[in-house]
Amino acid sequence: QRAQPQPAAAASATAADAARQAYSAAVEHARNQRFAQALPLFIQAARLRPDYPAYLKDVGHCLHDLGRSAEAREWFESCLAVDPGYSAARRALG
């Protein structure tokens, strides 16, 4: 009996690559203070990799930079739900 291929692994690798690309583009926008352009890319990365706390944290930072503190707080809390010890998110909440 043959082993069945694992499309989930391939899909997750593709999602991880897409997340990295979106995140990289978002960082470039954010470095140039183009937060409105960065936000959808940070969100895309976070949605593709909700298990990666840095992406969640950076959505929060971008929202904060746009003056959307209540929404930013939700993303920082989501980051801490994934990794309770993630100090950058904890500091952002403090």
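Tutor: Start with one term: a residue is buried when its relative accessible area is under 20%, and exposed when it is over 50%. Keep in mind that this model is predicted.

Student: What share of the residues in the chain is buried?

Tutor: Of the 94 residues in the chain, 32% are buried. The accessible surface of the chain is about 6000 Å². Carbon and sulfur atoms hold 51% of that surface.

Student: How many helices and strands does the chain have?

Tutor: Five helices and zero strands. Read from the N terminus, the order is α-α-α-α-α.

Student: Now a single helix. What is the span of H4 from its first C-alpha to its last?

Tutor: H4 covers residues 69-82, which is 14 residues. Its span is 20 Å, close to the 20 Å expected at 1.5 Å a residue.

Student: Which residues of H4 are buried?

Tutor: Here is the general idea before the case. An α-helix has 3.6 residues a turn, so residues three or four places apart point the same way. In H4, the buried residues are Ala72, Trp75, Phe76, Cys79 and Leu80. They sit on the same side of H4, because their arc around the axis is only 145°.

Student: Which exposed residues lie on the face turned away from that side?

Tutor: Ala70, Glu74 and Ala81.

Student: Against which helices do the buried residues of H4 pack?

Tutor: Against three elements: helix H2 (35-48), helix H3 (53-65) and helix H5 (87-93).

Student: Let me try a residue of H3. Is lysine 57 buried or exposed?

Tutor: Lysine 57 is in helix H3. The cut-off for buried is under 20%. Lysine 57 has 12% relative accessibility, so it counts as buried.

Student: Which residues does lysine 57 touch, leaving out those up to four places away in sequence?

Tutor: Lysine 57 touches Phe76, Cys79, Tyr86, Ala88 and Ala89.

Technical notes. Residues numbered from 1 in each chain as written. Predicted model: local features only at pLDDT ≥ 70, side-chain atom pairs only at ≥ 80, totals over all residues. Heavy atoms only, no water. Helix = DSSP H or I, 4+ residues; strand = E, 2+ residues; numbered from the N terminus. Buried < 20%, exposed > 50% of the residue type's maximum accessible area, 1.4 Å probe, protein only. Areas by Shrake-Rupley, 256 points an atom, 1.4 Å probe, with all protein chains shown as cover. Expected span 1.5 Å × (residues − 1). Arc of directions from axis to C-beta. Contact = heavy atoms within 4.5 Å.
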